[in-house]
Amino acid sequence: MIPNTMKAMVLTGHGDVDKLEYKDVPVPAPGAGQVLVQVTATAKNNTDRKAREGLYPTKKGEMTSFQMGGKPTLVFPRIQGADIAGRVVAVGDGVDESRIGERGLLDFNIYANDRRDINLTPDYYGHGADGGYAEYVALPADQFHHIPNAELADAEVASMGMCSYQTAMHMLTSANIKAGERVLVTGASGGVGTALIQLCRIMGAIPYALSKQDKAAALLELGAEAVLDRSDMDSFVDRVKAETGGKPIDAVMDLV
Ligand SMILES: NC(=O)c1ccc[n+]([C@@H]2O[C@H](COP(=O)([O-])OP(=O)(O)OC[C@H]3O[C@@H](n4cnc5c(N)ncnc54)[C@H](OP(=O)(O)O)[C@@H]3O)[C@@H](O)[C@H]2O)c1
């Protein structure tokens with residue numbers, strides 16, 4: 001039984017956490033092509049904080065968020081929360097009822113057009129439309145992806161880092177990386193760097209990490225072919241050649 005109202009954390013304006021209000025709001029109805037998701041976990045994305053604080057100015061001193069088409073799509077009140085895991089509890093027109101009960105993760109982009117490989121106007125659920133800091137959210141059925149993996153808890157699914165993996169994927173596809181190619185990843189221990197290392201391995205590419213020595217073991221375990229210590233850049237080229245057996249690095253994913 002889906003209630004008429006739900007608890008939500010509602011953003012009332014740009015600023016500190018005092019701009020967030022925990023209150024009762026109507027449960028959204030799924031429109032055509034949408035699913036209604038009962039939210040079981042929403043990760044806190046750094047972009048949620050920066051958007052709340054208005055840290056995406058177009059002019060110096062401005063407190064605002066991304067401005068698509070010249071004006072911000074983050075309008076108030078807004079329910080933030082981009083990284084949403086949950087279960088489908090209802091479907092809108094045109095969506096198969098077999099989706100009900102499905103556990104999934106949102107591709108949070110609000111796409112500007114039909115392209116799905118990249119979204120050049122950064123807008124997303126929790127920004128230009130309501131997101132997951134609530135009990136329920138209405139989302140496009142084709143962007144709520146089934147994640148059956150029983151070994152992953154809902155909170156783990158939500159915190160997978162949709163943003164960092166998507167960023168890493170776009171970097172790799174933009175560079176047209178192919179299986180067998182050698183890819184150097186700077187800032188390798190960070191969110192995007194660790195995603196790049198794993199995605200390289202999935203694609204069959206060979207990732208080399210530039211990082212710090214104390215992170216080497218973890219990066220090797222994650223899939224790095226070798227870890228180069230960034231505290232010694234004088235011998236960098238020689239060390240790269242030693243690690244690749246003199247073969248070239250095909251692409252550099254520079255995160256720093
Ligand atoms: N996370 C996302 O979803 C996302 C999306 C779009 C764009 N971006 C952008 O991508 C870049 C990386 O993001 P991230 O989330 O991966 O950041 P992060 O998790 O903070 O990682 C950054 C990494 O850079 C390295 N680093 C930090 N300070 C350094 C310094 N002074 N000199 C050299 N290396 C240093 C560190 O790796 P090592 O110690 O291993 O060298 C650190 O782990 C940022 O510019 C971010 O704005 C991120």
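## Domains

In this predicted model, the protein splits into domain 1, residues 5–160, and domain 2, residues 164–253; the bounds come from an automatic or database domain assignment. The C-alpha centres of domain 1 and domain 2 are 31 Å apart.

Residues are numbered from 1 along each chain as its sequence is written. Because the model is predicted, local features need pLDDT of at least 70 and side-chain atom pairs count only at pLDDT 80 or more, while totals for chains, interfaces and linings use all residues; side-chain values use heavy atoms, with hydrogens and water left out.

## Ligand shell

The ligand is surrounded by 15 residues, a residue being near when one of its heavy atoms lies within 4 Å of the molecule. The closest are Ser189, Val192, Ser211, Lys215 and Arg230. By class, the shell holds 6 nonpolar, 7 polar and 2 charged residues (nonpolar: Ala, Val, Leu, Ile, Met, Phe, Trp, Tyr, Cys and Pro; charged: Asp, Glu, Lys and Arg; polar: the others, Gly among them).

Ligand oxygen atoms lie 2.7 Å from an N or O atom in the side chain of Arg230, 2.8 Å from a polar backbone atom of Val192 and 3.1 Å from a polar backbone atom of Ser164. The protein buries 52% of the 890 Å² that the ligand exposes when taken alone (Shrake-Rupley method, 1.4 Å probe). Elements giving two or more residues to the shell are α3 (162–174), α4 (191–203) and β12 (206–211); the largest share, 3 residues, comes from α3. Helices (H or I, at least four residues) and strands (E, at least two) are DSSP runs numbered from the N terminus.

## Salt bridges

The structure holds 12 salt bridges (a side-chain nitrogen of Lys or Arg within 4 Å of a carboxyl oxygen of Asp or Glu). One of them joins Arg52 and Asp16, at 3.9 Å from N to O. Arg52 sits in helix α1 (residues 46–53) and Asp16 in the loop between β1 (5–11) and β2 (20–26), so the pair links parts of the chain 36 residues apart. Asp16 and Arg52 also belong to a salt-bridge network with Arg49 and Glu53.

Arg52 is buried, at 7% relative accessible area (buried is under 20%, exposed over 50%, partly exposed in between; 1.4 Å probe, protein chains only). Glu102 and Arg99 form a salt bridge of 3.0 Å, N to O; Glu102 is buried at 15%, and Arg99 is buried at 16%. In the salt bridge of Arg239 with Asp232, the closest N and O atoms are 4.0 Å apart, and Asp232 is partly exposed at 32%.

Conventions
Polar contact = N/O pair within 3.5 Å; in protein donor to acceptor, adjacent residues only side chain to side chain.
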